[in-house]
Each structure stands twice: as C-alpha cells, then as structure tokens.
Amino acid sequence: MFQRRFIWLAVLLLGCAGGVHHPPTPEQSDSPWHQWQSQVLLDHPLVGRVWDPRSGKFIGYDQIGFRAQASDYLLIGEKHDNADHHRIQAWLIDRVKEVDRRPAVVFEMLALDKRDVVYQHRREHETDVDAFAEAVGWAASGWPSWNLYRPVFATALADRLPVEPGDPPRATLREMRTKGLDFLDRQELLRLGLDEELESAPRELFAAAIRESHCGMAKESTIDRMIAMQRTRDAYLADSLLETGTDTGAVLIAGAGHVLRAAVPAFLRRRAPQRSVLAIGLLEVDDERLTAGEYLEVSERPEFDLLWFTPRTDNEDPCERYRDQLKRLGK
C-alpha cells in the first residue's frame, strides 16, 4: 500500500511504539468517536487512541480534556475532508468551555478579508450556523463540504464564542505566489516574526514533506515558494490567535501541517513565550503502520504534543488522484 503521511499543503495541491491492543469503545453518546463517520480501517489497532510522544504512552480522554483546558492556545490539526476530525474538534472546544473559558476560535478556512462579514453575522444572526455558511460564501470557497465543518462552527456559535478568520487575505496570497516574502514590508515582517531565516532542520522537514505530498514532481523553485507561503500563513494564523485570544486564550482549527512544532507553534513561542500551547495532530491510520511510533517524524523532538488516531476517509492513492495536476506543477 502507498506510504502516507499527513498532507498539510492541501490548498496548494488543489520505536516509540505502543501496544497494539484495541482501545475500549467509549460509551458516551456525545463523544465524537461514538460512531465513526469514516469507514476505512475501522479495525486498525490505533483507531480512537491518543498518543503522547514525550511520555511514550497512550493517554485517556479525561487527560486530553484537562490538558486542553489548561492550555492558553489549543491547536487542532486536521485532515480537511475527514468528518471525524471535525467532530473531535467540536468535542475539544466543548471541553475547554467547561471551565468557564470563552476562547476565540480561529479558522484557517476563513481569510482575513472576510472579517467584516464574520463580525456582521455575529451581530445580526448570532447562533444561526447555516446562515453563517451563506454569509461567508462557503459553497464557493473551495473547502470541503459545509456538512463536514458544520459541527465545529455550530459548537462555537452556539455559545457565542468569538469566531475569527486566520488565513491571509486572498490578495496577499496571490501576490506572494509571484513575489514571495518580498511582498511584505520590513515592518510587517518584523511584526509577524517573519524577519528571521528559517533554520535548516525545519526547512528540510517542510521541503521533504512537500516533495512527498507532491509525489516527487515539485521543482525546487516551487518548493521554495511553497515554504514561503506556508510560513506566511503560519505567521498570520499565529497573529490571529495572539490578537483575539488575549484574555481567555484561543483555539486554532487548521490543517495538520500548520500545527507542526516548526509552524504556528514556533511563531507563538517567539512572540508569546510565556503562554502555553497544546498542539494536537489528528491523523488517519494506514495499514502499514500499526504502532504509534511509526507515525512520528524523525527529528530531535516530536512534531505534535499529542497524536489522535482516526479511521481513513478512503484508501485512494493521492499520487494517482492528482497525477495530472502534479505533472503540471513539475513542468
């Protein structure tokens, strides 16, 4: 079977081994894993389990909830088209609310040029989640079906939590595709924390992941441009978390790649070293990796604070699915 890692640049595309015992099935009807929506590899030994790579142990759901509640910034990295990932995100937000916190919820899926629309909806419609989808033009946004994301937005809007855009404005991304970081002036680079060169280790991690996720068809010049865009988006997402989560913290809903240690968490550590961060990677299992340690990147430190394993949405080889697009990318 094709070896898969999480692919966090989806928008650009459009040892520490634990045991292999099956986890107990939680009985709470409100748990996101009570009935898995994804149906591929349901019998995989890691499905439903959460791994703490630093301790080398699996942890229970209560522990996950406590750690989420204790973190200033909770970052939850998803595979965009996996319905279970969004249900887990909604569950985690509910856990944070249990301790009377009202965190801002920052979405990668909402660009900053939608901020006025988002705020107007919150003033006029408050908890109407489907009206929110219409207001932000979700159907034409290019993101997966609204029905997949609806549980996360419904949880945030139901208790009138601040819903915040996090992605750079579309115009900024268009300019960056041709100009790179030169598009931003020095003051903005300093403010966002983009003024320093990326260290070699995280750069190579990003580059290797791009090569793999693009099935070896991306040119080196393309890879450099993608890394610059990735870092810019990470910086803007961190900026939204810092700006909107000043008192009660914030939650980030984004692709798993934005939650990597060298991504959004790195900008948070630089700009707010006194604030605590918990980065959870929601990862689909595959049938060639049966132990948790096999999902860790080879680096000095784990790339996520916690790994939460779920079934797969499908078993399709993405290199076959996107072959034509990838060939054009490599020209």
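Is Arg160 buried, exposed or partly exposed? Arg160 is partly exposed, because its relative accessible area is 47% and the partly exposed class lies between buried (under 20% relative accessible area) and exposed (over 50%), judged with a 1.4 Å probe and protein chains only. This is a predicted model, in which local features need pLDDT of at least 70 and side-chain atom pairs count only at pLDDT 80 or more, while totals for chains, interfaces and linings use all residues. Residues are numbered from 1 along each chain as its sequence is written, and side-chain values use heavy atoms, with hydrogens and water left out.

**Backbone angles in two loops**

- Arg160 has a positive phi of about 55 degrees although it is not a glycine, and this residue belongs to the loop between α6 (146-158) and β5 (163-167); helices (H or I, at least four residues) and strands (E, at least two) are DSSP runs, numbered from the N terminus.
- Asp100 is likewise not a glycine and has a positive phi, of about 60 degrees, and its place is in the loop between α3 (83-97) and β4 (104-111).
- Asp100 counts as exposed, because its relative accessibility is 72%.

**The surroundings of Val259**

- Val259 is found in the loop between β6 (250-255) and α11 (264-271), and it counts as buried because its relative accessible area is 0%.
- Leaving aside residues up to four places away in sequence, Val259 touches several residues, among them Leu75, Ile76, Pro265, Ile280, Glu303 and Phe304, where contact means heavy atoms within 4.5 Å.
- Val259 and Ile280 are 21 residues apart along the chain, and their C-alpha atoms are separated by 7.3 Å.

**Salt bridges**

- Side chains of opposite charge can pair when their charged atoms come close.
- The structure holds 27 salt bridges, each being a side-chain nitrogen of Lys or Arg within 4 Å of a carboxyl oxygen of Asp or Glu.
- Glu303, one of the residues that Val259 touches, forms a salt bridge with Arg261, and the closest N and O atoms of this pair are 3.4 Å apart.
- This pair links distant parts of the chain, with Glu303 in the loop between β7 (277-284) and β8 (306-310) and Arg261 in the loop between β6 and α11, 42 residues apart.
- Glu303 is buried, with a relative accessible area of 5%, and Arg261 is also buried, with a value of 17%.
- Asp286 and Arg289 meet through their side chains in a salt bridge of 2.9 Å, N to O; Asp286 counts as buried at 1% relative accessibility, and Arg289 is buried at 10%.
- Lys79 forms a salt bridge with Asp81, with the closest N and O atoms 2.5 Å apart, and both partners are partly exposed, Lys79 with a relative accessible area of 30% and Asp81 with one of 27%.
- Lys79 and Asp81 also belong to a network of salt bridges that includes Glu284 and Arg312.

**A positive surface patch**

- Arg174, Arg177, Lys219 and Arg225 form a positive surface patch, a patch of this kind being made of residues with over 30% relative accessible area and no salt bridge, with like charges joined within 9 Å.
- Arg177 is found in helix α7 (residues 170-179), and it counts as partly exposed because its relative accessibility is 40%.

Key:
Patch = residues over 30% accessible without salt bridge, like charges linked within 9 Å, V, L, I, M, F, W, Y side chains within 5 Å. Areas by Shrake-Rupley, 256 points an atom, 1.4 Å probe, with all protein chains shown as cover. Lys, Arg positive; Asp, Glu negative; His and termini not counted. Charge placed at Lys NZ, Arg CZ, Asp CG, Glu CD.
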